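Could you walk me through this one in the viewer? I'd like to know what to select at each stop and what is there.

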Amino acid sequence: MSTNHYNEPRYVGYSKEVMKYYQTDHVDSWTDSKSTSIFAGKMQKDLFIFAMAVGKYYEKKATEVKNKQNNVSVQAMKDNQKWAVLSIGIEEKGDLFCLKDETPIYSEAEKYAHEGIKIIKSNIDEHSINYPLKLEEILRNILEAKHQ
Amino acid sequence: MQFSISSLRITNFRQFYGTQELDFKLDKEKNVIIIYGRNGAGKSNILNAMTWCLYGFEIQRKSNIQNKNELPIVNASALDELKPNGKISAEVVIRLKTKDGPWSIKRRIEWSKNAQGDKNSVADSEKLTVTYPDGNQDITLTGSETQIRINQLLPKALIPFFFIDGEQLRNFFQISTPEQIGQAINYISQMQLVTNAQEHLEWVEEDVRRKVKRTTPKVDKILKDLEFYKEEERTKSGMLHNKNELLNTYLEEKSEIDLFLKEHNSVVIRQLQGKRDLLDNSNQRINERLSRAKVAKNSYLVDIAPFIFLKDTINESHNIIQEKVEKGELPPKIRETFIRELLEKGKCICGNPLIGDARRNLELYREKVSLSELSEIVIIGKNQIEEIFFDIHNFTEKMDEFADEIRELETEFTDNKLQLEEISENLKESNNEEIQRKEDRRTDLEIKIRELEQTIHQETLELESIKKLIKGKKVEYDSELEKDQKNIHLKKKLRLIESAITVLNDTEKEIKDRIREQVQDNASSNFLTLISKNRAFQEVIIHDDYTVEVIHTLGWNAINNLSAGEYLIMGLSFMSALMSISGFKAPVIIDTPLGKEDDIHREYITTNLPKYLKGTQLFLLVTPTEYTEEVENNLKQFLLEENYYKILVNEDHTKSFIKREG
């Protein structure tokens, strides 16, 4: 179900520095279907949301995203992905008024995603093809922590 | 181009002694021509004589390079009878009927015997002569242009679809790799012009880039990099091509061994190979399911991970929404502008003035209403968040499901592998040395194929990376060119060339896809018409990667489980699909078309194939075991008496003669 969002940007972006992981025509692409990465065959918006969540989880946020390439379609995001972004805004502002202008929330999301990509890169470098296993372990630990 | 063969004259070619003349009567309805002969009489050499005359090579010989100890192309008896210092020639003449008039194609080669009795072919004596009509006169050509003329009649690449060996056709779908099937389809796509244009444009593109003034050190460096990567791409492509060819050779050899074991006269061997085929197929399917399950698991992880990472954040925002809902701060949607309007007018909707407490209350309410405008979206958000919680809650269960599925498949795969190893051990312990040898070779081939496939996979990825680097360099190069007005004209030229190359690449893909689909549809319809168990099969599918599937009514792929007869029909269906799509209407010559066919399929082929190829001459080179009474009766309606020939052979098999029977 979709509804009208207030001032939702059409696109969000990433810096030129990390563009190579997002775009399929780069040698280091993670989203290219032939890539060995866990993101192979996924869309740019999926990687963006993933990176944003990682950045937020580890509380790492760039002060500014330089040389921004606005290539991630917000329209293409699923509703639950959009609400993952908007939740960050609601939580950080502590009220719902931020939903009257979503653009600043997405700008914050870009800053988290920028740092998130760097964390993912270092995880992939460390665990190589075992990164999905490591990720699964991290996620299980997060969920178990809740029950403790 | 459309043509039919009106006569064939063979002189001292292979076992045909002297001159043998065959005249063929042309009739659209009665399109079958029978050439009957027992094994070894020379049927295959009729096919060889035709391809040798037209293209200079014998289709049924493994090597067309004359070995010193091999039988010469010229009849050995005639050569023996030759006096010292004498000369003799082997010659084949084919006369054709075309809509422009008759053609005559003659190829001859001379042999000589010296004073000591040594026999040798006369150097450079092979000569091709073509006589064809041009307006009101006949033109006779010899020399290099002649072959071009014949290729216009029927391109050499299309020979396998018109000059057919029944045995090879039966094995076509058993031993052919997807690449070979793709090659056959690409032959008839006649993409040469497009390919030539692509190559030419790529050359022009490089040339234009070289002409660009290297005005900045950066342009110079990018160009050098570009040239370097292009060279890398060429080298890598060449290496990959060779490796793929080698892989095909290995795969073909392995399929031949499998076929040998599958058709072995020992029931035990046949059963072992049959079981191995089933296990191989099963493991292939398991592998595909395994990789799909792993991809699905990764995809799920990427989708769910953000919500788990943001679990606390999402939870907190849910609490905020929930609090507002509980406090009733999300009233029904009232537009803020409406309240503002009332305040501006200073009048209530009931007509009373808005002053004092009433005005103050309304001003406070305006703030609240500002939130109410978000009611709808917030409620949707609340529901979305609750769905996210549900998904997070299911994470462990879902991951366990993936793990179970993958584990089950891996266990099944390992079990099959153990059984396959056992079969291989049994075959290696067989009493038959040939089987032992073949099985050892098969094991060896399996290792080589596995290693080669890994290398090819790795190198294909490397090639992809190089292509991406080239693309990146071109983008860099273009942005550098922007900085210099002097290169603007060349830049425009480059743009045009690049777009033309893209259009050609798209065109090539489009044509190939369409032809593949046409071949698939025609082959499917041919197969379902010619096959006796037409209710057992649904369709034939040729995938993008040229793997072929014959879909059983119950949904299984039966391509590896067809009978010998069904394989021949599959081959015939595919070839006739290719023939009809190629646009060339030439006679079809099939050597041993009915060998190994059961009675039902013989009946089907002999009653349906001539109808299929109506208007096209269909030469059938048959053995006595193939040409049964039923076959003869079935073919009668398609056969003119004059078009029935018999090959006779002398006792010591050195001289064959052809006699018209009808």
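Start in chain A and select helix 2 and helix 4. From helix 2 of chain A, pick out Phe48(A), Ala51(A), Met52(A), Ala53(A), Val54(A), Gly55(A) and Lys56(A); their counterparts in helix 4 of chain A are Ala109(A), Tyr112(A), Ala113(A), Glu115(A), Gly116(A), Ile117(A), Ile119(A) and Ile120(A). Sort that contact by class and you get eleven nonpolar, two polar and two charged residues. Bear in mind as you click around that this is a predicted model.

Now look at how the two helices lie. Helix 2 covers residues 44-57 of chain A and helix 4 covers residues 103-127 of chain A; they pack at an angle of about 85 degrees, with axes 6 Å apart. Helix 2 of chain A and helix 4 of chain A are therefore roughly perpendicular to each other.

Next, bring up both chains. On the chain B side, 39 residues are in contact with 38 residues of chain A. To see where they come from, colour helix 8 (267-309), helix 9 (311-326), helix 12 (375-393), helix 13 (395-428) and helix 14 of chain B, the elements that each give two or more residues to that side. Helix 8 of chain B has the largest share, with ten residues. By class, the side of chain B that touches chain A comes to 22 nonpolar, eight polar and nine charged residues.

Last stop: strand 12 of chain B, residues 588-591. Which way do its residues point? Val588(B) and Ile590(B) go one way, Ile589(B) and Asp591(B) go the other, and all are buried.

Strand 9 of chain B (residues 163-165) pairs with strand 12 of chain B in the parallel sense, over three bridges. Strand 13 of chain B (residues 618-622) also runs parallel to strand 12 of chain B, joined by four bridges.

Key
Residues are numbered from 1 along each chain as its sequence is written. Chains are lettered from A and ligands numbered from 1 in the order in which they are written. This is a predicted model: local features need pLDDT of at least 70, side-chain atom pairs count only at pLDDT 80 or more; totals for chains, interfaces and linings use all residues. Axes are lines fitted to C-alpha atoms, for helices over the stretch in contact, and angles run from 0 to 180 degrees between N-to-C directions. Angles under 35 degrees count as roughly parallel, over 145 as roughly antiparallel, 65 to 115 as roughly perpendicular and the rest as oblique. Two residues are in contact if their C-beta atoms, placed from the backbone, lie within 7 Å. Ala, Val, Leu, Ile, Met, Phe, Trp, Tyr, Cys and Pro count as nonpolar, Asp, Glu, Lys and Arg as charged, and the others, Gly among them, as polar. A residue is buried if 20 or more other C-beta atoms lie within 10 Å of its own, exposed if 12 or fewer, and partly exposed in between; C-beta atoms are placed from the backbone. Two strands pair if DSSP finds at least two bridges between them.
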